[in-house]
Amino acid sequence: MITASDPWLLLLVVVPLLAAPVCVLLRSPSGAWSVATAVSWAVFGISIKLLLTVLEHGQAVYRIGGWDAPWGIEYVLDPLGAFVVLIVAGIGAVTMPYAKRSVEKEIRKDRIYLFYTMLLLCLSGLLGITVTGDAFNLFVFLEISSLSTYVLISMGQDRRALTAAFRYLIMGTIGATFYIIGVGLMYQVTGTLNFADLKTIMPAVIETRTILAALAFLTVGISLKLALFPLHMWLPNAYTFAPSVVTAFLAATATKVSVYVLLRIIFTVFGDVDIFASFPLQPVLIAMALAAMFLASLSAIWQENVKRMLAYSSIAQIGYIVLGIALATEAGLSGGIVHMFNHALMKGTAFFAIGAVIYATGAVTLKDLEGIGKRMPVTMAAFVIAGLGLIGVPLTPGFISKWQLVTAALELDMWPLAALILLSSLLAVIYVWRVFEVAYLREPAITADKPADVPLSMLVPIWTLAGAAIYFGANGTFTLDLADTAARHLMGGF
Amino acid sequence: MMVEKVLLRVIAKLLIPLIMLFALYVQFHGDFGPGGGFQAGVIFAVAFILYALIFGIRVARKSIPSSVTRTLLALGVLIYGGTGILTMLLGGEFLDYNVLGSTPLAGQHLGILLVEFGVGMTVAGAMITIFYTFAGHANGDLPFRIGDDR
């Protein structure tokens, strides 16, 4: 299993991390954008290379400073990590070209270079969380990504962006603090911070109350970060008032990375113990996931602001992912993991499309969107694809993940659960249909019937994601295989 | 500002160079004694903050404009990361200081000095920037603008 140090693993994190201060030094909006774009594409290239390495060798390793694990910090990438890295880097690579025009319109000119600095730091933090094999190092990257996220959200045009960012700051800090308390308790008992090392020591100490407390802190802390119902209260406002680019980037990546951390804790750190036997985690997670699927979807139905509607829909979709994890079978896990990818595609497309509508017309409420399908047919067609995916219509990515989840539930003879998954999709039909109806079946307001222009630099990223959604919806083999490999790896160990 | 407080001004002028000197001591003695980049950076920034408190924020901004503090801030991170990249180019792993010198000991020594220097720069820059941001905000005469050089 021991492989030689793979420098690409380190460069994946360090390149965006060092590009951020370069943006500060450049200070010009276009210079910062160029650096950010070049770096995000380089990172995407590295992520593909790493995925191939991991698929071939099973994992990739890097030892920081030449120190061997568990003493030094070790970067480890397994198939799950490689998959998440691909999601984050891929979304980053399409976000940057899209960002140029949207940011020029939404962010004050003298702050644009700081915007890209923060976006790069956020990218670096999210990638760092995914590649690190060290519990404390993960906390550091968690803070890098969170702090930059707070700043990014606060840059929204609406003044309420500030309170949204502050609220997320409070909730996010509580989440991160809970995580670090959990890590501290584990360290107190085991004397190690390395995930692989923790895994081997855990069976001997699982009965101690300290470890159970650690598990509780970790679960609650991470659930706050991934906005698991009912710890989601920070998310709707944060997504609604953040700049369009930030909303799309975060919706597609940030919560997925938090889900990754949850997976890492449950299936790597506590991988060798029967965690569900010593701790009633499974019923709790299933209940929360179901509550998210239904209550968040219901909330989405009542929203007038489309960004807020999509934010509630995100909470519901996180419910599906967590449900797959809570089933704790290979099929369930792979359903949850593949939904991370599929949801990133669909939500990315949806928020990109809405961002383009905001760019062209400034409209974001359902009332203002009347007849928008006729004025912006190309953009809204992408939204339709994303919307159908959220419902789970066949030939969209959403169908593949829901099919996998239903299959997993049926394997466990959980008929009611399978029925509930399908039932909750009906709620998605309602909230997505509300947008379709307003956009296509109503006449545009008379004052605004000229076609609205969206620059090509925004249309191409929108349709890149929409195209990817169509492709991976029609042909789920690649993503499902990858998710299966990742799930097998998680269940079988590192 | 406090033009009439002679005592404060004289003592501050006496203290500020000493504070800076002590910061440099903490910075470069950090590998043998208590201290290091973070503490040194804070102490160094304190010299400027004291100056700003006594002589006013406008004068302080003239002596060290926010464009300089921002550059310090970014450069420090680059020095830290650059040291890591350098060790990689020299054939080691990221931040493996052994390869920096002729012997591993010399390499470790040089490496930690470089990295801590970067930390000191960034922390000093960050402390002054934070102070300027809040002070400028409360002053009222300077509208709060992050991108400004005033």
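Let's start where helix 3 meets helix 14, both in chain A: on the helix 3 side we find A:L80, A:F83, A:V84, A:I87, A:I91, A:Y98, A:R101, A:S102 and A:K105, and on the helix 14 side A:I337, A:M340, A:F341, A:A344, A:G348, A:F352, A:G355 and A:Y359. Two residues are in contact when their C-beta atoms, placed from the backbone, lie within 7 Å. Helices here are DSSP runs of H or I with at least four residues, strands are runs of E with at least two, and both are numbered from the N terminus.

By class, this contact has twelve nonpolar, three polar and two charged residues. Nonpolar covers Ala, Val, Leu, Ile, Met, Phe, Trp, Tyr, Cys and Pro; charged covers Asp, Glu, Lys and Arg; the others, Gly among them, are polar.

Before going on, a word on what you are looking at: this is a predicted model, where local features need pLDDT of at least 70 and side-chain atom pairs count only at pLDDT 80 or more, while totals for chains, interfaces and linings use all residues. Residues are numbered from 1 along each chain as its sequence is written, and chains are lettered from A and ligands numbered from 1 in the order in which they are written.

Back to our pair. Helix 3 (residues 79–106) and helix 14 (residues 330–361) of chain A pack at about 0°, with axes 11 Å apart. That makes helix 3 of chain A roughly parallel to helix 14 of chain A. The axes are lines fitted to C-alpha atoms, for helices over the stretch in contact, and angles between N-to-C directions run from 0 to 180 degrees. Under 35 degrees counts as roughly parallel, over 145 as roughly antiparallel, 65 to 115 as roughly perpendicular, and the rest as oblique.

Helix 3 of chain A has another partner. How does it pack with helix 4 (residues 112–131) of chain A, and at what angle? The angle is about 170°, and the axes are 9 Å apart. Helix 3 and helix 4 of chain A are therefore roughly antiparallel. Residues that meet there include A:V84, A:V85 and A:V88 from helix 3 of chain A, and A:F115, A:L123 and A:L126 from helix 4 of chain A. This contact has eleven nonpolar, three polar and no charged residues.

Now to the core. A nonpolar core is a set of buried Ala, Val, Leu, Ile, Met, Phe, Trp, Tyr and Cys residues joined through C-beta atoms within 7 Å. Buried means 20 or more other C-beta atoms within 10 Å of a residue's own, exposed means 12 or fewer, and partly exposed is in between, again with C-beta atoms placed from the backbone. The largest core has 208 residues, and those with the most contacts inside it are A:L12, A:A36, A:F83, A:V85 and A:A353. A second, separate core of 28 residues includes B:A40, B:I57, B:V123 and B:M127. Leaving out residues up to four places away in sequence, A:F83 touches A:I337, A:F341, A:L482, A:A483 and A:A486.

Helix 16 (377–391) of chain A is largely enclosed by the rest of the structure, because eleven of its 15 residues are buried. Among its buried residues are A:T379, A:M380 and A:F383. Just after helix 16 of chain A, A:G392 takes a positive phi of about 100°.

Helix 17 (residues 397–411) of chain A reaches 21 Å from its first C-alpha to its last, close to the 21 Å expected at 1.5 Å a residue; that expected span is 1.5 Å times one less than the number of residues. Eleven of the 15 residues of helix 17 of chain A are buried, including A:P397, A:K402 and A:Q404. Its cover includes helix 13, helix 14 and helix 16 of chain A.

A:V273, in the loop between helix 10 and helix 11 of chain A, is partly exposed, with 19.

Finally, chain B has five helices and zero strands, and 37% of its 150 residues are buried. Where chain B meets chain A, the contact takes 18 residues from chain B and 16 from chain A. The chain B side divides into eight nonpolar, six polar and four charged residues.
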